[in-house]
Amino acid sequence: MYQLSPSSSGGGGSSRELDSYIESLRYPFCHDVSKYERMAKIGQGTFGEVFKARLKTDRSRIVALKKVLMENEKEGFPITALREIRILQLLKNENVVSLLEICRGPANAANKHRSTFYLVFEFCEHDLAGLLSNINVKFNLGEIKKVMQQLLNGLYYIHQNNILHRDMKAANVLITKNGVLKLADFGLARAFSKISGTRNRYTNRVVTLWYRPPELLLGERNYGPPVDVWGAGCIMAEMWTRSPIMQGSSEQHQLTLISQLCGSIGPDVWQGVEELDLYNKVQLPKQQKRRVKERLKPYVRDAYACDLLDRMLTLDPAKRIDSDTALNHDFFWTDPMPTELGRMLEQHKQSMFEFLAPPRRGMPARPAVQPQQQQRAVVDNISSYQDRVF
Amino acid sequence: MHKILNVLPPGDTGMKLDAKVMTVASASVLFHRFFREVNTTDYDVYLIAGSCLYLAGKLEDQTLKARDVINVTQATLRPGGRPLDMDEAYWNLRDALVQAELLVLRMLRFNTDFEHPHKYLLHYMVSLEDWLGDVVFHRLPLRRTAWTLLRDSYMDPFILDVKPQWLALACIHVSLQCYGLNVPGSVEGGKTWYETMCPSCSRETLWDVTEKVLDVYGQEQQLFSVPVGSVSSAVYS
């Protein structure tokens, strides 16, 4: 029934008989994507496309289909997609998007009989970037606390499971219409080891530039959970500023922006920074004062919020607050307490995704796709399959 | 016969590829799982073995080059032969390798996770070292023997059915027996050393798994007398 004999595929697939033979193959363990009916395209990144779809047999079952780009066909199934699948199979948490199944598309002459694959996710109505770009969506302090609490809770969970997300940004934070937050897009995620004494050599060409922490910008390859906390800090500030707080145009520029906000980078505030590969190779502004609270105060106002932001945006990753400690911060345990988002979201009937939203102020239309990322795809063989689940 | 055929490839080919222990182990798991679902005669075992190795390289963060996998598979089938030229035959093989990878993934429902016994073996060995003392441990190659036993166990699909802890204990058990060692305190006084390390491992379980570990060596004779290439002549011609 599932015969795909190697001798036949070795034949080059030119004969018509072979075509119809391959097209008639059935894979009972891997459903055909045609069981879903596409409703709309909701995402487009360098990785490919994301669609909203519903089950044909039960039209109330809405899902998101993320297409796995099989661009580099000679290398087979993309390693990044394999990683994402494995990681998502491992992670089961309310604040992490859940993978329902993997479906296959048709294999025919048009795609050289190489079937496309789709990751099928539970559907979430909004992403945070989309919500923040809509001026009609207003978060009060209690609601912001709820967003951050769920975000940190998701981070805590994945870090407990030894997974680094490595692509924290508002567009990768999904929110259901009931106000449940889900971390999404594990296309760049990987497992990390906590064994002391071993130096890991992970690629540092991860995380969208604007959310990239200073240690990665300085070439650190032995990094860990703090990289995600930095991104979470950037997202938190964005809850008030409504647009990304540090929109660098290059790695160098990003480091300059970070120094202007968080103070000069040097061994006095960050022990061991001088040993990072790029520390002496890039220009780091000197004599900058740390102005995190000062600069964010006009937007944020709440003193606890400012304090937590200050701790999340700490330059030295070793001193940066971890998700567990952050969840115990007074910010979450003082009035107004975190409040459910459901009521506020009820007023908004339309799905809000960054992809569908008009460009935000001060931002290019599609910030997700940056030259750095394309370059990185070449550098570490991370195929173009990345960006957003939605 | 089927069993014999499907045990050899990933391990043997993997060694020549200089693949990491865990890559070869994962490849073997994929391979055994695959042939649990289908008949060995329907697929070319060497092609599937190569694909499993290629896929395991991706899973274990040790990306293996498709070309290397193909060449080494060739070398396994035709010892002493030359590497393939980059001609049509090569590209067909490469295409087959990649197609088979997708086939394996679909057959396994993309479920590629497996808990390997290696970490338990290492962990138990550290405890035993304290128990038996440095002297015994450094005089005898206990660790290496247990490790080798574990690697060889992956030749047989039984590894899919036993708890990783049990298999680790069985390998240590055989290793201890090889050197005539007894773990002190294991006869009287209640709990045995293996129950102390893994409470679900009863004496019967241990002996049962031990037998399976030893059985792998019973197949050795047949394994290496397989007429190499006979099944694959159609593909690797």
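I began with a term: a crossing is left-handed if the near helix is turned anticlockwise from the far one by less than a right angle, and right-handed if clockwise.

**Ground rules.** I noted that this is a predicted model, in which local features need pLDDT of at least 70 and side-chain atom pairs count only at pLDDT 80 or more, while totals for chains, interfaces and linings use all residues. Residues are numbered from 1 along each chain as its sequence is written, chains are lettered from A and ligands numbered from 1 in the order in which they are written, and side-chain values use heavy atoms, with hydrogens and water left out.

**Chain B overall.** I looked up the elements of chain B and found 13 helices and 0 strands, where helices (H or I, at least four residues) and strands (E, at least two) are DSSP runs numbered from the N terminus. Of the 237 residues in chain B, 57% are buried, that is, under 20% relative accessible area with a 1.4 Å probe and protein chains only, whereas exposed means over 50% and partly exposed lies in between. Among the contacts (heavy atoms within 4.5 Å) in chain B between residues at least 6 apart in sequence, 78% join residues at least 24 apart.

I also checked the annotation: an unreviewed UniProt entry places "domain: Cyclin N-terminal" at residues 22-111 of chain B, and such annotations may be inferred rather than shown by experiment. That span is 70% helix and 0% strand, and its end C-alpha atoms lie 17 Å apart.

I followed B:Leu160 to the loop between helix H9 (142-153) and helix H10 (164-178) of chain B, where its relative accessible area of 19% makes it buried. B:Leu160 lies 128 residues from B:His32 in sequence, yet the two are 7.8 Å apart in space, C-alpha to C-alpha. Beyond four places in sequence, B:Leu160 touches B:His32, B:Arg36 and B:Phe114, among others.

**Helix pairs.** I compared axes, which are lines fitted to C-alpha atoms, for helices over the stretch in contact, with angles from 0 to 180 degrees between N-to-C directions. In chain A, the axes of helix H7 (residues 226-241) and helix H9 (residues 292-300) come within 8 Å and cross at roughly 45°. H7(A) and H9(A) are therefore oblique to each other, since angles under 35 degrees count as roughly parallel, over 145 as roughly antiparallel, 65 to 115 as roughly perpendicular and the rest as oblique. H7(A) passes H9(A) in a left-handed crossing, and the contact involves residues including A:Trp240 of H7(A) and A:Tyr299 of H9(A).

In chain B, H4(B) packs against helix H5 (residues 66-77) at about 145°, with the axes 10 Å apart, and the crossing is right-handed.

Last, I found A:Lys66 under the unreviewed UniProt annotation "binding site"; A:Lys66 sits in strand S3 (residues 62-68) of chain A and, at 0% relative accessibility, counts as buried.
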